[in-house]
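Subject: Handing over the structure

Hello,

Here is the structure I promised to pass on to you. Please have it open while you read the notes below.

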Amino acid sequence: MNHRSSFSFFSGFCLLISVLLVSGCSDISSTEEVDVALNGEYAIPLVQTEARILEIAESVSGNSVVKVDPDGKLTVFYTAPPVQKFANEIFESVEISIPLFIQDTVAPIEFPVEVFPTNFQLDRAVFSDVSIRWQFMTTLEENVTLNVTIPELNDPNGVVYSRDYVLNYQGEAETILDTEQESLDLWEVIGNNNEVFVNYDARNEAGERIELDRIVLNFNRLDFEYIEGFFGREEEQVDGEVITVGVYSTWLSGGLWFENPKVRIEGENAFGFPVEAQFNSVDFTTVDGQTFPMTGDLIDNGVLFKHPTLAEVGEVKLDTFFFTDENSNIQEIFNNKVTSVSFDIDAIANPDDDPNVTGFMTKQSYYKVVTNVELPLFGYANDLRLADTFDIDFDGYDKLESAEFKLIMENDFPFDVTVQGFLMDENNNITDSLFTEERFFLPAADIDAVTGIATSAGEETAFIPFDASRINNVTDASKVAFLVGLESLNNGEVPLWIYEDYALKLRLGAKIKLND
Amino acid sequence: MIKKELLKSFRFGSFVLVMLLSICSSTLFSQDLHWIGLDNIDQSNPLDPSYVKVDSGFTLVLPGLSATLVQDGPVLGDYFKETDLGVFKLDFTDVINDFDGENGLGAEIAIPLIELDWRKGKGMISLSYGLRVMSDLVYQKDLINLFHFGNVPFIGETMNLGIDASAFSYTELALGYSRDMGFINVGARVKLLSGIEDLSIADGKLDLYTDPDIYQLEVDSDIIINSSGSFDYNGLDDFSLDFNPVNYFQFGKNMGFAFDLGISGDLGDKFSYQLAALDIGSISWDGDSTFVYTSQDQTSFEGLDLLDFFDDEQDIVVEDSLYQILEFEKESISYSTDLYKKFIIGVNYQITDAIDLGGFYHINQYSKSPISSFGISSKYKFRNQTASLLIAAVNGNPVVGLGTVLNLGPVQLIATTDNVLGVLGPDKVKYSSSRVGLNVSF
């Protein structure tokens with residue numbers, strides 16, 4: 001092996017090359033942090049919304065529903081929570097813990113009429129989940145045979161209740177027989193002046209009829225699947241409900257006029273007797289806090305809801321009543337900018353208290369009352385100003401150097417729209433506005449003079465710049481207050497329908513300049 | 001509104017760090033054009049599988065390092081600007097007009113950890129183990145434009161943001177045999193590979209169109225990302241790139257196979273030649289964390305529909321939707337990666353006993369951006385030391401390199417660089433490749 005051993009200037013030069021190679025790392029090798037923050041100008045879309053009244057209503061939870069008629073015209077329904085009561089809430093089942101002592105061989109048992117009106121008269125009823133058991137006792141020192149019959153009680157096949165028992169003497173002073181619990185579910189009981197009779201026939205070993213020393217009848221509960229008879233007159237307070245009318249929730253000034261607003265009362269009745277709604281009061285509250293009572297024939301007379309007949313057991317009868325400008329003062333008071341409607345209603349069963357009216361109720365019977373404010377979107381806006389404030393939070397947008405928003409709006413509606421937005425700090429001081437010189441003006445759609453239908457949308461495009469001197473007014477803002485003005489055609493005096501396909505199209509993009 | 005998270009950073013920082021690691025190491029080692037025809041070394045020549053060392057006996061090759069960095073367009077040092085000690089900023093202001101339509105950035109690191117060579121008679125056996133890291137990135141100028149200018153200057157135009165990228169590392173256990181057959185030397189190395197980490201994007205198409213209307217964004221993507229252990233994507237706002245290529249002692253998973261072939265010989269007394277094909281093979285990535293992400297879709301973001309927020313307490317945040325504009329399907333699928341093949345032709349002419357003059361042609365087939373190099377080199381031998389000078393063109397970029405084989409008794413130090421300027425600032429040049437090695441013969 002030929003080991004080299006000499007070292008020279010040349011060798012030193014070569015070593016220098018080697019050292020340079022080893023030590024010549026770039027400064028980049030000491031990198032601890034790399035800033036790759038964007039600092040260009042970026043264009044992004046922000047909002048693209050095509051809002052129709054119907055879609056807005058569907059996307060917002062609340063008490064409003066929009067319906068479309070066959071012509072595409074819209075009507076808004078503001079609905080109060082429905083009032084609904086079932087039979088078991090009105091006539092509760094009776095728990096019977098006290099045993100009934102039968103005092104004679106023919107003994108009456110009173111129907112528990114105390115849960116019904118005073119003049120309730122039972123014709124027939126069907127038990128629901130009811131069971132009985134008997135206890136018999138004799139002091140005779142012999143066997144006793146026994147038959148118990150309840151003539152007013154029939155099984156589902158129409159067979160009268162009859163049972164035979166034997167008391168076997170066991171040498172005790174008392175001979176007692178406790179029967180098994182026996183279900184009477186769906187057995188029918190016939191009213192006999194609101195009583196049923198228990199008959200018993202007891203015999204000793206010689207076949208002679210005797211009286212027992214004690215007969216006790218125990219019910220677990222008393223509940224009915226069906227009751228037929230006269231139920232008497234009964235009044236029930238319907239919990240007062242309030243309909244919130246949101247159309248004026250952001251009202252600031254000006255007028256908004258609707259033609260032919262209505263209050264709709266929808267009733268559902270599955271009880272087999274007449275039910276009347278009596279209106280103690282229907283009050284409209286306006287944006288300025290005033291209250292106006294509604295008046296009219298229906299208020300004075302109430303409304304009588306239909307009911308199923310004895311041949312229509314299980315059916316539900318529907319009825320609808322309207323308060324309109326023809327039977328009330330609603331038109332007059334509604335356009336005072338109503339924000340809510342409150343009701344005080346009594347429901348009256350058998351309002352005429354006629355004992356010849358045989359009615360019924362089943363366990364599933366109920367009544368339901370739904371109250372609506374029905375607002376056909378046919379009207380006009382007259383210098384209407386709406387205002388609303390939203391919280392905004394631009395925390396973390398400190399890299400914004402400037403921004404320019406591009407707003408494009410299209411309007412199918414028959415009114416001009418003006419918009420301004422004010423940026424506010426946390427103390428509600430206005431720091432800037434979206435539109436510096438004048439409000440954004442979005443013209444109304446072109447309207448066919450004959451049909452009143454929009455033919456082409458009004459459209460407007462605006463660029464909203466926030467340069468470096470103003471961008472902090474945006475990023476520091478905590479609220480933005482929007483003022484929106486609406487004005488119908490001809491200075492707001494021509495009522496027009498709002499149609500299903502009318503939309504407000506809003507498109508917003510932004511160019512954002514970032515700093516580094 | 002865009003929140004600061006979007007403005008703050010893209011998370012390709014990890015990738016940048018890999019590139020920086022390449023730069024750091026590049027003064028120490030590797031495309032190694034200098035090693036073509038290097039004939040007086042006591043160890044195997046990684047660029048010449050047919051090389052047989054002069055002396056019989058054993059040579060222990062100690063850990064070394066080799067690195068190569070190749071750049072198209074502006075170089076890293078032109079836009080990686082130090083703003084504070086150790087803090088760098090990506091700033092393309094000075095070079096934004098210098099980018100080509102398509103730009104490349106390739107890096108390769110080799111860390112030979114241990115090697116034992118044994119020559120007996122005409123044959124030499126080599127057994128070596130080491131670590132290699134490869135990375136290659138081809139990106140479009142529009143990507144830089146988007147970063148630097150934003151998309152505002154390109155409203156109404158389609159920006160080509162597609163990239164091809166490959167970064168992977170593996171350990172390599174190689175067994176080589178070369179033999180001097182008199183008129184010709186032949187040699188081959190077989191390599192058993194074990195992949196450590198991989199991230200590759202093949203033919204990644206990503207077009208972005210900004211509509212002049214309200215700047216609606218339309219994305220047309222056809223991207224397949226292969227990842228083994230380094231990448232996790234759940235959205236543009238929720239992805240991580242954690243490329244940790246170094247694991248010196250991994251073996252047994254993500255296995256692969258490759259080989260090197262070479263011949264060399266003399267034509268007369270003065271003239272010699274060399275042919276080699278290196279890194280012919282591939283790695284199969286089939287570990288637990290191997291995933292393929294696919295995005296082949298045309299999507300758009302046209303702005304938020306406010307109706308979606310009418311009845312909701314949630315904040316109206318645009319970036320949530322922006323981030324969804326590029327979505328991937330994630331599947332656990334095995335795949336394979338080809339190594340970067342290299343092909344070499346070299347000739348050498350002995351002018352005097354002390355001076356050789358050679359020429360060469362070298363192709364390094366990075367995943368997407370092949371690098372071709374040609375040039376001449378001269379070796380000057382003085383006593384038993386060697387110094388070499390290289391003049392070459394690498395992808396058309398002229399470079400001047402220096403090298404030495406320094407014999408210090410039984411110890412031999414080999415140090416080469418293909419570009420002297422790269423020694424002073426590898427991030428400032430388009431090509432830098434250096435290698436340092438040390439061996440002990442006995």
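Predicted model: local features only at pLDDT ≥ 70, side-chain atom pairs only at ≥ 80, totals over all residues.

Residues are numbered from 1 along each chain as its sequence is written, and chains are lettered from A and ligands numbered from 1 in the order in which they are written.

Chain A first. Its secondary structure comes to 7 helices and 40 strands (DSSP runs numbered from the N terminus: H or I of at least four residues for helices, E of at least two for strands). Of the 516 residues in chain A, 30% are buried (20 or more other C-beta atoms within 10 Å of their own; 12 or fewer is exposed, in between is partly exposed, and C-beta atoms are placed from the backbone). Among the chain A contacts with a separation of 6 or more, 83% are between residues 24 or more positions apart (a contact means C-beta atoms, placed from the backbone, within 7 Å).

One open sheet in chain A has 4 strands in the order β2-β40-β31-β37, with antiparallel pairing (strands pair if DSSP finds at least two bridges between them). Its edge strands are β2 (41–52) and β37 (458–466), each pairing on one side only. Within this sheet, β31 (residues 400–411) and β40 (residues 503–514) are joined by 11 bridges, and A:M409 has A:L506 in β40(A) as its bridge partner.

Elsewhere in chain A, A:P151 belongs to strand β10 (residues 144–154). A:P151 is partly exposed because 15 other C-beta atoms lie within 10 Å. Leaving out residues up to four places away in sequence, A:P151 touches A:V160, A:F197 and A:N199.

Now chain B. Strand β14 (residues 290–301) runs antiparallel to β9 (residues 217–228), with 12 bridges between them, and antiparallel to β15 (residues 329–331), with 3 bridges. B:V292 in β14(B) stands opposite B:N226 and has B:E331 as its bridge partner in β15(B).

Helix α4 (residues 141–148) of chain B has B:D142, B:I144 and B:N145 as its buried residues. They lie on the same side of α4(B) because they cover an arc of only 155° around the axis (taken from the directions from the helix axis to the C-beta atoms). These buried residues pack against β5 (123–140) and β6 (158–160) of chain B. After α4(B) comes B:G150, with a positive phi near 85°.

Best wishes

Note on methods
Contact = placed C-beta atoms within 7 Å.
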